[in-house]
Amino acid sequence: MKQVITRLWQRIPPLGMLALAAFVICAATGIMLVPAYIPSLPLDSLALVLLKNPAGILARSLHYWSAQAFFALSFGHIVDHLLRRSESKVRFGVWLRLSLAIPVVAGIMLSGFLLRADTAAIQALQILRTLLGFVPLLGGALPRLLTGSSTDLTTVYLHHACTATIILWLITIEHSRRIMPTMRATRWTLPPLLLLSLLLIPGLEWRMAPVEKGPWYLVGLQELLHWLPKPQVAVWLMLAGLGLLILLPRLPSFFRCRVKWSMAVAVCAYAVLTMVGLGLRGDGWKFTRPAKVVASEVDFLSYRAYAPPGATLLITKVPIVNGRREGCLACHQGMTGFVAAHEPGTVGCAACHLGNPWTLNKTLAHSGMTRTPGNLSVVNQTCGASNCHGDQVVRVRGSLMNTMSGVVAVDKFVFGENADLDKHYDVAALNHSPADTHLRNLCASCHLGQDKTHPGPINEIDRGGGCSACHLRYDAASEAELHVGSSAAAGPLHHPDIPVNVPTQACFGCHSRSGRIATNYEGWHETLLDEKAAKAASGWPAQFRQLADGRIFEKHPADIHFEKGMTCIDCHLPSEVMGDGTVHAHERDAVKTSCTDCHAAVSTPAKQFEQLDPETQEVIAMRKLNEPGRRFAISKPGSVAYPNVFLDADGHPTLVLAGSQKQLKPKPVAAVCAGSIHERLDCTACHTAWAPQCINCHASFNRATQGWDHLAGKYVNGSWDEQAGTFLGDTPALGVHQVRMSDGQLAERITTFVPGMALTLDFPDGKGRPQFHRMFAPTSAHTIVAQARDCPSCHVNSTALGYGRGELRYVVTGRTANWKFTPAFDTSPEDGLPLDAWIGFLREARGDTTTRKGARPFSLEEQRQILLVGACLECHRANEPRVAAVFADFRQYRAALSPRCRLPDWAYGVSSGNGVVSR
């Protein structure tokens with residue numbers, strides 16, 4: 001075997017001769033490409049070769065691989081010279097010219113890459129011009145001399161095809177004393193290059209990649225530039241290395257050895273940088289798994305590219321879209337269903353669906369294609385590509401719809417894995433702790449980053465899908481197209497719309513869970529009924545609704561905004577829904593709208609169209625709402641404009657519905673709301689008709705069952721199971737929440753609260769007693785009604801005060817009086833409070849009571865003040881001016897009372913217990 005290998009090695013021609021053979025093949029195929037290549041239209045001419053010229057594809061592929069072989073073999077030849085110490089045997093003049101040929105070789109290789117004129121080549125040209133400018137003495141003229149001064153590549157083309165080629169050939173002839181390679185060297189070189197050319201055809205980049213990398217031999221330089229403080233250092237290092245190589249024969253033997261070792265170390269270091277750049281650098285120039293990086297950088301076509309297109313396609317004119325050929329439209333002509341901004345003639349097909357627009361072969365064209373381009377896993381290459389929606393994509397990635405940070409933080413807080421309710425998390429980065437597993441099993445499906453695996457219309461159980469979750473609307477024609485199979489003669493011809501007006505149904509899938517805002521808004525409250533029991537009820541079907549996931553809902557009052565025809569985006573702004581670039585801890589922190597922006601008590605702040613941010617201007621333009629002099633309302637909490645709310649001639653807000661273009665005139669806030677007595681009250685405190693509430697829930701981990709992991713997309717061993725307690729759909733509790741005002745100051749507001757974590761937890765280890773938590777959360781139930789709740793519904797209402805449901809009585813005994821409370825629910829053995837209560841009757845709250853920082857139930861003093869007003873309402877009517885007059889100055893109310901008034905004993909500083917009547 002050893003002798004066979006030795007003979008085979010001896011038969012291989014020298015590396016220098018192999019390099020010459022590769023060079024000649026490269027030059028010959030380059031000449032073949034001259035008729036097809038147009039320097040003034042470089043990308044288009046190469047695209048046409050790929051689309052309709054199989055012979056040209058072979059010539060280009062062989063040209064590419066012979067160039068790579070020439071470069072690699074030349075490098076090997078140089079190393080072989082240095083290892084043999086033959087530099088001293090070559091005349092210094094010849095050695096000088098051979099050394100100077102190295103940058104010429106690098107230049108001819110790089111210029112070949114630049115002549116592709118695709119996105120990677122354009123960026124490489126800019127970098128090259130910058131680096132050439134740092135060359136001492138010549139930096140001012142060198143970039144213009146070698147690359148020209150414009151985007152026209154004629155100068156680069158002339159140097160590549162003529163200047164550099166002739167120089168290299170002359171130096172090679174001088175060095176090898178041959179014009180052409182030996183036939184043996186050609187026989188060793190041509191077959192493997194032909195095989196490579198047939199199997200791996202170099203493609204072209206048609207879009208900006210997440211990380212634009214140059215040719216493989218310059219990726220190490222890119223990595224070096226990333227680490228160096230100044231790019232000119234790289235130029236100095238290369239010039240220094242070239243200078244040492246030129247002087248190598250003249251150096252003493254001692255120094256020559258050390259220079260060679262230094263060069264070897266430098267080459268090894270460069271090889272490491274190259275491998276790091278090629279294998280580990282991913283999106284955003286961050287370190288990424290090698291498999292993911294390699295998968296995103298494969299830029300070769302298979303042998304299928306040689307299959308000639310059919311006669312019909314061959315004569316079909318391939319349109320130019322965005323300055324490039326769009327081969328997709330040769331088959332998918334006549335596509336309909338788009339808004340103007342997304343017409344195929346405007347953006348093409350590949351801009352969204354990826355694939356390869358520079359081939360007419362169906363298999364190759366669809367390779368790497370995505371049918372769901374809105375998924376956040378690919379959105380940087382689709383919606384977020386340059387000149388599209390890059391800013392929005394960055395914001396959406398950091399938005400709470402994607403990270404679910406607040407949900408994760410609260411869950412981990414309850415599980416004892418996080419001490420900070422405002423800590424930032426990303427649901428996609430969950431591990432496998434008890435809290436993480438709980439979220440993976442039960443919550444993570446509503447993560448916007450969940451990939452949609454198949455396209456289809458938005459429905460009640462829709463989850464994830466990134467941009468497509470909101471901005472994809474199917475009509476009957478586009479839905480029918482889903483059933484067009486791959487065997488159809490033509491591809492789909494009717495595409496779903498991609499509107500700026502997001503339908504309410506898009507929000508339903510996720511927001512019908514948890515807070516159930518989507519169902520509340522339409523007037524539906526979840527029950528524990530199953531389908532059989534619901535259909536047996538007397539009110540079926542008018543009073544009940546079954547969702548696609550099987551849950552049964554009961555009719556409740558709908559939100560007045562829903563009854564007026566308003567959808568979610570009529571109130572909620574793009575910057576709060578898609579994120580504003582700021583990390584928010586919880587959903588309420590991201591909200592920029594306020595009721596009083598439309599229902600203003602005083603003049604509404606507004607700006608003219610020209611003063612608005614570009615995104616709002618674009619939405620206004622698409623909705624055709626801009627008129628000369630029109631002023632658009634500004635949100636006071638967020639200082640951003642509403643694209644659909646403008647001021648009329650009298651300065652009153654007018655709201656235009658996104659779906660129907662119907663105009664509404666919001667009523668100004670009532671005088672009683674604007675008064676100082678209720679200045680702490682949030683609008684929802686009085687105008688929320690009801691809120692969904694779940695009490696005494698139980699969550700336990702069952703090792704014996706399998707649970708669905710929403711992030712992994714598969715069943716896993718062990719599952720968290722939840723058993724719902726009692727579902728209630730009535731008035732919520734009231735409490736205090738600290739909010740940041742438009743001036744940046746924090747202020748306390750009274751708002752609505754519901755049980756956020758009223759549950760017991762059985763942990764996976766099964767050790768100890770289950771943990772019990774009674775934590776309420778501030779809520780915006782989206783069940784607003786025009787008629788505000790009356791005074792007794794707050795001041796004589798045990799639920800509003802946080803005591804839970806039951807009977808709250810004011811008992812007068814002689815000259816003293818007391819409030820008594822009889823709860824409707826049993827007390828919990830865990831803390832002694834009624835199951836639906838938040839706090840004890842006339843007690844200070846203890847422990848963790850809320851899922852938000854700055855939120856709390858009423859203090860004992862506040863409870864007493866509220867019930868003090870309630871005591872007056874036992875005798876006086878709620879709207880009686882006398883009552884308002886007495887409490888206009890709460891500190892002095894006693895002076896305005898009649899001697900006949902009977903106040904609670906604690907109003908006189910007398911304590912008689914908490915007044916609870918046990919059941």
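Predicted model: local features only at pLDDT ≥ 70, side-chain atom pairs only at ≥ 80, totals over all residues.
**Entry: the whole chain**

I counted secondary structure and found 37 helices and 22 strands in the chain. The radius of gyration came out at 37 Å, well over the 29 Å that the globule rule gives for 919 residues, so I describe the chain as more spread out than a compact globule. I then looked up the extent of the C-alpha trace, which spans about 125 × 65 × 60 Å along its principal axes.

For burial, I found that 46% of the 919 residues are buried. On charge, I recorded 87 positive and 73 negative side chains, with the centres of the two sets lying 11 Å apart.

**Entry: cysteines**

How many disulfides does the structure hold? I found zero, and I went on to look at two cysteines with the cut-off in mind, which asks for a pair of cysteine sulfur atoms within 2.5 Å. For Cys-388 the closest cysteine sulfur belongs to Cys-352 and is 7.0 Å away, too far for a bond; Cys-388 itself is partly exposed, at a relative accessible area of 42%. For Cys-875 the closest cysteine sulfur is that of Cys-901, at 7.4 Å, which is again too far for a bond, and Cys-875 counts as exposed with 73% relative accessibility.

**Entry: backbone exceptions**

I kept in mind that most residues other than glycine have a negative phi, and that most peptide bonds are trans. Where did I find a cis peptide bond? The bond from Trp-540 to Pro-541 is cis, with omega near 0°, and Pro-541 sits in the loop that runs between helix H26 (531–536) and strand S6 (544–546).

I then looked up two residues with positive phi. Asn-322, which is not a glycine, has phi near 55°; I located Asn-322 in the loop between strand S3 (320–321) and strand S4 (324–325), where Asn-322 counts as exposed at 60% relative accessibility. Met-404 also has a positive phi, of about 55°, although it is not a glycine. Is Met-404 buried or exposed? I found Met-404 to be buried, with a relative accessible area of 9%, and its place is the loop between helix H20 (400–403) and helix H21 (405–414).

**Entry: two buried loop residues**

Glu-87 lies in the loop between helix H4 (54–84) and helix H5 (92–114), and at 0% relative accessibility I list Glu-87 as buried. Leaving out residues up to four places away in sequence, I found that Glu-87 touches His-81, Leu-82, Trp-95, Leu-248, Pro-249, Arg-256 and Lys-260.

Pro-496 is in the loop between helix H23 (476–481) and helix H24 (505–511), and I list Pro-496 as buried, with a relative accessible area of 8%. Beyond residues up to four places away in sequence, its contacts are Gly-337, Leu-472, Arg-473, Tyr-474 and Ser-478. I also checked Pro-496 against Trp-261: these two are 235 residues apart in sequence, and their C-alpha atoms are 63 Å apart in space.

His-710 is found in the loop between strand S14 (697–709) and strand S15 (714–723), and its C-alpha atom is separated by 34 Å from that of Glu-205, a residue 505 positions away along the chain.

Phe-562 lies in helix H27, residues 560–563, and is partly exposed, with a relative accessible area of 33%. Apart from neighbours within four places in sequence, I found Phe-562 in contact with Tyr-521 and Glu-522. Finally, I looked up Phe-562 and Thr-783, which are 221 residues apart along the chain, and noted that their C-alpha atoms are separated by 9.1 Å.

Note on methods:
Residues numbered from 1 in each chain as written. Heavy atoms only, no water. Helix = DSSP H or I, 4+ residues; strand = E, 2+ residues; numbered from the N terminus. Rg over C-alpha atoms; globule rule 2.2 N^0.38 Å. Buried < 20%, exposed > 50% of the residue type's maximum accessible area, 1.4 Å probe, protein only. Lys, Arg positive; Asp, Glu negative; His and termini not counted. Charge placed at Lys NZ, Arg CZ, Asp CG, Glu CD. Contact = heavy atoms within 4.5 Å.
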